[in-house]
Amino acid sequence: MKWTGNVVEWVELIYALYAAGKINNGKTSLKDLFLQMGEIFGIKVKEFSNYFMSIKHRTDGRRTKFMDLLRDAVLKRMEEADRKPSRK
């Protein structure tokens, strides 16, 4: 698999998974999470804390732009599915 988003989006996603403790019951270090997920998706980020700081210091009031985009995409998909006739 290949990650097609940008590095900042990648970092935001990994930090979200880490912060929520959703990988290995929260017992995986952030560094290991970046390494393992990086191997799966073909992306290498060494200075992930620098990217996190740039995410944290966003000035447009949307600190979680990528998470917001993902949420909106899933909700849109659900709404589209709701409009389709159900199969019987």
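The model is a predicted one.

Helix 1, which covers residues 7–19, meets helix 4, residues 65–83, with the two axes coming within 8 Å and crossing at roughly 80 degrees. Angles from 65 to 115 degrees count as roughly perpendicular, so helix 1 sits roughly perpendicular to helix 4. On the helix 1 side, the contact comes from Glu 9, Glu 12, Leu 13 and Ala 16, and helix 4 answers with Lys 65, Phe 66, Met 67 and Leu 70. Sorted by class, that contact between helix 1 and helix 4 has five nonpolar and three charged residues, with no polar ones.

Helix 1 also packs against helix 3, this time at an angle of about 95 degrees and with the axes 9 Å apart. Helix 1 is therefore roughly perpendicular to helix 3 as well. Here Val 7, Val 8, Val 11, Glu 12 and Tyr 15 of helix 1 meet Phe 48, Ser 49, Tyr 51, Phe 52 and Ile 55 of helix 3.

Side chains of opposite charge can pair when their charged atoms come close. The count for this model comes to three salt bridges, and one of them joins Arg 58 to Glu 12, at 3.0 Å from N to O. This pair ties together distant parts of the chain: Arg 58 lies in the loop between helix 3 (48–56) and helix 4, while Glu 12 belongs to helix 1, and 46 residues separate them.

The largest pocket has a volume of about 170 Å³. Its lining is made up of Lys 31, Phe 34, Leu 35, Gly 38, Glu 39, Ile 43, Lys 44, Val 45, Lys 46 and Phe 48. Helix 2, residues 30–41, gives the most to that lining, putting in five residues. By class, the pocket lining holds five nonpolar, four charged and one polar residue. Phe 48 lines this pocket and also takes part in the contact between helix 1 and helix 3.

The largest cavity has a volume of about 30 Å³, and Leu 17, Tyr 18, Gly 21, Lys 22, Ile 23, Gly 26, Thr 28 and Leu 33 line it. Four of these lining residues are nonpolar, three are polar and one is charged.

Methods
Residues are numbered from 1 along each chain as its sequence is written. This is a predicted model: local features need pLDDT of at least 70, side-chain atom pairs count only at pLDDT 80 or more; totals for chains, interfaces and linings use all residues. Side-chain values use heavy atoms; hydrogens and water are left out. On a 1 Å grid over the protein atoms alone, a cavity is a set of points where a 1.4 Å probe fits but cannot get out, and a pocket is an open set with protein on both sides within 12 Å along at least five of seven lines; lining residues have an atom within 4 Å of a point. Grid points are joined across faces, edges and corners, and a volume is the space filled by probe spheres set on the points. Ala, Val, Leu, Ile, Met, Phe, Trp, Tyr, Cys and Pro count as nonpolar, Asp, Glu, Lys and Arg as charged, and the others, Gly among them, as polar. Axes are lines fitted to C-alpha atoms, for helices over the stretch in contact, and angles run from 0 to 180 degrees between N-to-C directions. Helices (H or I, at least four residues) and strands (E, at least two) are DSSP runs, numbered from the N terminus. Angles under 35 degrees count as roughly parallel, over 145 as roughly antiparallel, 65 to 115 as roughly perpendicular and the rest as oblique. Contact means heavy atoms within 4.5 Å. A salt bridge is a side-chain nitrogen of Lys or Arg within 4 Å of a carboxyl oxygen of Asp or Glu.
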